[in-house]
Amino acid sequence: MKWLTWMARTFVAGETAEAAIKAVKKLNATKVLATMDVLGESVKDKETAQKAVEDYLNLLEAIPRAGVHSHVSLKLTQMGLDIDPEFCDQNVRRIVEKARELGNFVRIDMEGTPHTQRTLDLFYRLRKDFDNVGIVVQAYLYRTEKDVRDLNRVKAKVRLCKGAYKEPEDLAFKKMKDIRANFIKLEEILFREGEYLAVATHDDKLIRWTKEYVAANAIPSDRFEFQYLYGIRTKTFRQLAAEGYTVRCYVPFGTHWLPYTLRRLRERKTILFLIKNMFRK
């Protein structure tokens, strides 16, 4: 249990919004932006989902009071997607509306494949009414190229990540070389046809490829950003920010740190990933 607590302290910015905002202030001081995530997922009752909504509404109001530069990210199962899609839609809509009032932005995280299509369906509904909402896609899924092309047609702001959930072979690439190749293919499509791309990776090869591609193709700095997880390779991303790239850190916090940490440990290659990257610059 002690090692789980230690890992959580490394990769989670505390249990309260105040602790997370304190962490974001430190990031901002190094020219790194943030997106804060109130931990929670797989909610089965409406009361818990509604509590999460209030937490996000309070967080959105706290951000300008604290003078920090941060968006918010959320998971739809935390908002009641498994209870009732309409209920979930209403909850997320409240958060996105509040964010729009305050000049902020909401990113809808992507979960495992049982939720992929439902997540996209709800995003498309919100996108009809809001410009300040974005989505995440996962490069290891075979379906993602089609999803990216569809998202580009509605000028979606997309975060591209490799993907970390354990998925069956008929749905996802398994070899890292194939995942990297598809990540690059998707990046090219998003840079050519997309609205705004968040490149979410800790992979040196993909970071290097992105830097070379944007330089060779004169991609404006306001068309993309790098994103990374709190506690992972901090020095690398501070250096990217110092070089003038837009960099954003994903900052999770909350009392649900234990299930969050356990879920991450169950994901594909997470333990090796954390050990490998924990001590890298």
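**A walk through the helices and loops**

Let's start with arginine 233, which sits in the loop between strand 7 (224-229) and helix 9. Helices (H or I, at least four residues) and strands (E, at least two) are DSSP runs, numbered from the N terminus. The model is predicted, so local features need pLDDT of at least 70 and side-chain atom pairs count only at pLDDT 80 or more, while totals for chains, interfaces and linings use all residues. Residues are numbered from 1 along each chain as its sequence is written, and side-chain values use heavy atoms, with hydrogens and water left out.

Arginine 233 is not a glycine, yet its phi is positive, about 50 degrees. Is this residue buried or exposed? With 6% relative accessibility, arginine 233 counts as buried. Here, buried means under 20% relative accessible area, exposed means over 50%, and partly exposed lies in between (1.4 Å probe, protein chains only).

Lysine 31 also has a positive phi without being a glycine, near 70 degrees. You will find lysine 31 in the loop between helix 2 and strand 1, and it is exposed, because its relative accessible area is 61%.

Now look at glutamine 239, part of helix 9 (residues 234-242). Its relative accessibility is 44%, so it counts as partly exposed. Glutamine 239 and valine 32 are 207 residues apart along the chain, but 9.8 Å separates their C-alpha atoms.

Helix 3 (residues 46-66) is our next stop. Among the buried residues of helix 3 are Ala49, Val53, Tyr56, Leu60 and Ile63. Their cover includes helix 2 (17-28), strand 1 (33-38), strand 2 (70-74), helix 4 (85-101) and strand 8 (247-253); contact means heavy atoms within 4.5 Å. After helix 3 comes glycine 67, with a positive phi near 70 degrees.

Finally, turn to helix 5 (residues 116-127) and helix 6 (residues 144-153), which pack at an angle of about 10 degrees with their axes 12 Å apart. These two helices are therefore roughly parallel to each other. Leu120, Phe123 and Tyr124 of helix 5 meet Asp147, Asp150 and Leu151 of helix 6 in this contact. Axes are lines fitted to C-alpha atoms, for helices over the stretch in contact, and angles run from 0 to 180 degrees between N-to-C directions. Angles under 35 degrees count as roughly parallel, over 145 as roughly antiparallel, 65 to 115 as roughly perpendicular and the rest as oblique.
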